[in-house]
Amino acid sequence: MNILREAARHGDVYVGVLSDEAMVGFNRFPTISLEQRMEIVRETGLVKEVMVQQEVMYDRVIPEVRPDYVVHGDNWAQGPESAIRDNVIKNLKEYGGELLEVPYTYNDRVKRIDDQMKEKLAMPEFRRRRLRQLIAMRPIVKTLEVHSGLTGLIAEKTVVESNGKLDQFDAMWISSLCDSTAKGKPDIELVDMSSRIRTIDDVMDVTTKPIILDGDTGGLVEHFVYNVRTLERMGVSAVIIEDKTGLKKNSLFGTEVEQTQDSIENFCAKISAGKKALRTDDFMIIARIESLILERGMEDALKRADAYVQAGADGIMIHSRQKSPDEILKFCHLFREKDKKTPIVVVPTSFNSITEEELAAAGVNIVIYANQLTRSAFPAMQGTAVEILKNHRALEADSRLMPFKDIIRLIDEI
Ligand code: SPV
Ligand code: MG
């Protein structure tokens, strides 16, 4: 209201309301529809026209409207959002327009509204359906591995500006490998569901983004049907289960260790039973195909994909441990020839040269960065431990550490 009042003093006010797509790129997910957001602005009676802004940057809208002034809150001077400010200044300069910055209103009432919106986004029924919404809205859903409150905060809050665009992660992956590794345990379904749920709960407590759980093999069908219900109730958006049976080992071992692929019939029965147990249309059961990992061939992978979709799978994850993305791209191409809509998920740990744009162009809907946070944290921590041991003190390790004053302020206070 302050901003609108200030703007109205200078002439006719045009307000740009960001589209959902533009918002989710750098801000939080909208809690009300675009039409409702526009209506709120119209209702103030201070505005001549409300327009939809399809892009965060102003390269299109400013030359089109050529406003005498752009009026904006002053809360964009620091951090990645300063790129938007720079972009506005650059566009105004073209014809001599002016930027007016209004002090941002910080008070308890505004904070409360902000907290309420965040709380709403974190609620199970809102969080759960957000993955499907993002699949429909984003060219590709960018998903980062998390295994604790702290890693959850990194996925939640990291926003970057690059090439004039702001970007953030859309969703979080609770990996069996990294959840187990964080507990010093092997990735063999040893860390049980109660413990996995504890991790999910820690993450949910401090985040709002949707969660995809690595459900390993899904276990016994008789247990799986209960577990999907629990996950759905908690507000998890999807579980991915892999078509293996017996003692599961991590797929990145490939054929170096013995791993048994489940039969198509058994795995289809597991998917169908899980789907039948669900109470909402939001929760997704995604079937993960291990045929390429186990060197059973493309034909087997495609046959299984078809059968799993028929059995009710809400998405297909295709995995590979080749350095080259070729077999994944080939699968996507052949799968998409027949099935245009079932979401495809990939985990480019080995074939990491492929970009998100290339994956999206191949018809992939979700990309999961499944272990990079853990793999970067471990050498950093180990290096510090070595440094302290070598020097009999912590001074030498200090230059690699986050400043003490930053760590105590890392976590928001309520
Ligand atoms: C995990 O992150 O635990 C996965 C993906 O299952 S992978 O490790 O690539 O098999
Ligand atoms: Mg796993």
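This is a dialogue on how to read a predicted model, with cases taken from the structure above.

Colleague: Let us begin with the ligand. Which residues surround ligand 1?

Modeller: The model is predicted, so read each value as computed from it. The shell around ligand 1 is made up of Trp173, Ser175, Ser176, Leu177, Asp214, Asn250, Ser251, Leu252, Arg288, His319 and Ala370.

Colleague: How many residues of each class does that shell have?

Modeller: Sorted by class, the shell has 4 nonpolar, 5 polar and 2 charged residues.

Colleague: Which side chains have a polar atom by an oxygen atom of ligand 1?

Modeller: Look for pairs of N or O atoms within 3.5 Å. In the side chain of His319, a polar atom is 2.7 Å from an oxygen atom of ligand 1. For Arg288, the distance from a polar side-chain atom to an oxygen atom of the ligand is 2.8 Å. An N or O atom in the side chain of Asn250 lies 3.0 Å from an oxygen atom of ligand 1.

Colleague: How much of ligand 1 does the protein bury?

Modeller: Compare the ligand alone with the ligand in place. Taken alone, ligand 1 exposes 280 Å², and the protein buries 100% of that. As for where ligand 1 sits, the place is the largest cavity.

Colleague: Now single residues. Is Arg138 buried or exposed?

Modeller: The cut-off for buried is under 20% relative accessible area. Arg138 has 13% relative accessibility, so this residue counts as buried. Arg138 belongs to the loop between helix 7 (124-137) and strand 5 (141-145).

Colleague: Which side chain does Arg138 join in a polar contact?

Modeller: The partner is Asp167, and the contact between the two side chains is 3.3 Å.

Colleague: What about Asp282, buried or exposed?

Modeller: Apply the cut-off again. Asp282 is buried because its relative accessible area is 17%. Asp282 is in the loop between helix 12 (264-277) and strand 13 (284-289). Its side chain makes a polar contact of 3.5 Å with the side chain of Arg128.

Colleague: What is phi of His392 near?

Modeller: Phi of His392 is near 60°, again a positive value in a residue other than glycine. His392 is placed in the loop between helix 16 (372-391) and helix 17 (404-407). With 74% relative accessibility, His392 counts as exposed.

Colleague: What are the two numbers for Ile188 and Arg138?

Modeller: These two are 50 residues apart along the chain, with 33 Å between their C-alpha atoms. Ile188 lies in the loop between helix 9 (176-182) and helix 10 (193-205). Its relative accessibility is 26%, so Ile188 counts as partly exposed.

Key. Residues are numbered from 1 along each chain as its sequence is written. Chains are lettered from A and ligands numbered from 1 in the order in which they are written. This is a predicted model: local features need pLDDT of at least 70, side-chain atom pairs count only at pLDDT 80 or more; totals for chains, interfaces and linings use all residues. Side-chain values use heavy atoms; hydrogens and water are left out. A residue is near a molecule or strand if one of its heavy atoms lies within 4 Å of it. A polar contact is a pair of N or O atoms within 3.5 Å; within protein, one must be able to donate a hydrogen and the other to accept it, and residues adjacent in sequence count only if both atoms are side-chain atoms. Accessible areas come from the Shrake-Rupley method with a 1.4 Å probe; for residues, only the protein chains shown count as cover. On a 1 Å grid over the protein atoms alone, a cavity is a set of points where a 1.4 Å probe fits but cannot get out, and a pocket is an open set with protein on both sides within 12 Å along at least five of seven lines; lining residues have an atom within 4 Å of a point. A molecule sits in a cavity or pocket if more than half of its atoms lie within 2 Å of its grid points. Ala, Val, Leu, Ile, Met, Phe, Trp, Tyr, Cys and Pro count as nonpolar, Asp, Glu, Lys and Arg as charged, and the others, Gly among them, as polar. Helices (H or I, at least four residues) and strands (E, at least two) are DSSP runs, numbered from the N terminus. Buried means under 20% relative accessible area, exposed over 50%, partly exposed in between (1.4 Å probe, protein chains only).
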